[in-house]
Amino acid sequence: MATVSIPTLEKDSEFGAYVARPGSTPKAAIIVIQEIFGVNTGIRQKCDKLAAEGYLALAPDLFWRLQPGIELDPDVEPEFHQALEWMGKFNQDAGIRDIQATIDFIREHEGIEKVGCVGYCLGGRLAFMTAARTSIDASVGYYGVGIDGLLGEKEAIANPLMLHIPTEDGFVDKTTQAAMHAGLDDHPRVTLHDYDGLDHGFATEIGKRRDERAANVADGRTSAFFAEHLG
């Protein structure tokens with residue numbers, strides 16, 4: 001696996017990131033923000049697919065302060081519960097600073113100015129926070145959790161954000177979904193897409209949670225979004 005080391009904003013430490021490079025000059029860069037399962041096979045495959053579309057793709061190890069290299073399988077029950085424990089210990093504010101450090105690394109060391117991000121689950125929540133708190137150019141979140149509690153930050157979203165919302169998400173109830181729509185439907189830089197009857201994790205690359213048809217629809221929208229805003 002190809003990896004790079006990224007310095008923290010404070011320059012007092014470094015963390016790893018999986019990197020997938022296109023066969024030619026990248027048209028832009030996209031940061032892939034992990035689920036609670038770490039930078040696992042599915043997240044690396046997300047990077048590889050983006051590289052095939054012509055992007056430099058990086059997945060930073062955001063759990064590195066807890067334990068570097070966490071890699072879990074959501075279909076294995078003990079590992080699923082382990083992932084929930086890691087999420088409970090994870091400092092999200094520090095994670096956002098590491099995402100900004102990754103943006104800076106891409107612009108300064110890779111020479112790529114346009115940078116987007118796409119996140120899943122916990123990463124979907126972090127994608128919203130990234131849109132509000134960093135210098136990212138475009139953000140996409142899949143089945144982000146607890147976004148209703150972040151709506152107070154929506155006025156800070158300066159660049160385009162797309163959110164994919166499965167209507168039967170076991171981690172995001174109907175009240176939360178309604179709050180997201182009420183708070184964001186009229187935001188000029190935010191686009192929400194609902195997926196009727198779908199559950200959390202429907203766009204994962206591998207495993208039991210994937211719904212092939214819906215994943216392809218959502219990923220097609222994401223590809224068009226990045227082509228428009230990063231191209």
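This is a predicted model: local features need pLDDT of at least 70, side-chain atom pairs count only at pLDDT 80 or more; totals for chains, interfaces and linings use all residues.
Helix α4 is mostly covered, with eleven of its twelve residues buried.

**α4 and what surrounds it**

From its first C-alpha to its last, α4 reaches 16 Å over twelve residues, close to the 16 Å expected at 1.5 Å a residue. The buried set runs through Leu122, Gly123, Gly124, Arg125, Leu126, Ala127, Phe128, Met129, Thr130, Ala131 and Ala132. What do those buried residues pack against? Their partners are the strands β3, β5, β6 and β7, plus the helices α3 and α5 (174–184).

Take the α3 side to begin with. The axes of α3 (residues 92–109) and α4 (residues 122–133) come within 10 Å and cross at roughly 65 degrees, and the crossing is right-handed. On the α3 side, the contact uses Gln92, Asp93, Ile96 and Ile99, which meet Leu122, Arg125, Leu126, Met129, Thr130 and Arg133 of α4. Sorted by class, that contact has five nonpolar, two polar and three charged residues.

Over at α5, the buried residues are Thr176, Gln177, Met180, His181, Gly183 and Leu184. The cover over them includes α4, β7 and β8.

**α6, a helix with a buried face**

Now for α6 (residues 212–230). This helix has 19 residues and reaches 26 Å from its first C-alpha to its last, close to the 27 Å expected at 1.5 Å a residue. Buried here are Ala214, Ala215, Ala218, Asp219, Thr222, Phe225, Phe226 and Leu230. Seen down the axis of α6, these buried residues fall within an arc of 120 degrees, so they line one face of the helix.

Leu230 belongs to α6 and is buried, with a relative accessible area of 2%. Leaving aside residues up to four places away in sequence, Leu230 touches Lys27, Ala28, Ala29, Ile30, Tyr55, Lys114, Val115, Gly116, Asp137 and Ala138.

Which residues does Lys46 touch, not counting residues up to four places away in sequence? They are Val32, Tyr120, Ala203, Thr204, Glu205 and Asp219. Lys46 is found in helix α1, and Asp219 is among the buried residues of α6. Is Lys46 buried or exposed? Its relative accessible area is 6%, so Lys46 is buried.

Leu50 also has its place in α1, and at 10% relative accessibility it counts as buried. With residues up to four places away in sequence set aside, Leu50 touches Ile30, Val32, Tyr55, Ala57 and Val118. Leu50 and Ala29 are 21 residues apart in sequence and 9.0 Å apart in space, C-alpha to C-alpha.

**Loop residues**

A few loop residues deserve a look too. Ser24 is found in the loop between β2 and β3. The C-alpha atoms of Ser24 and Tyr55 are separated by 9.2 Å, although the residues are 31 apart along the chain.

Lys11 lies in the loop between β1 (3–7) and β2 (14–20). Its phi is near 60 degrees, a positive value in a residue other than glycine. Tyr143 lies in the loop between β6 and β7, and its phi is near 40 degrees, again positive in a residue other than glycine.

| Residue | Relative accessible area | Class |
|---|---|---|
| Lys11 | 60% | exposed |
| Ser24 | 53% | exposed |
| Tyr143 | 1% | buried |

Key. Residues are numbered from 1 along each chain as its sequence is written. Side-chain values use heavy atoms; hydrogens and water are left out. Helices (H or I, at least four residues) and strands (E, at least two) are DSSP runs, numbered from the N terminus. The expected span of a helix is 1.5 Å times one less than its number of residues. Buried means under 20% relative accessible area, exposed over 50%, partly exposed in between (1.4 Å probe, protein chains only). The arc is that of the directions from the helix axis to the C-beta atoms. Contact means heavy atoms within 4.5 Å. Axes are lines fitted to C-alpha atoms, for helices over the stretch in contact, and angles run from 0 to 180 degrees between N-to-C directions. A crossing is left-handed if the near helix is turned anticlockwise from the far one by less than a right angle, and right-handed if clockwise. Ala, Val, Leu, Ile, Met, Phe, Trp, Tyr, Cys and Pro count as nonpolar, Asp, Glu, Lys and Arg as charged, and the others, Gly among them, as polar.
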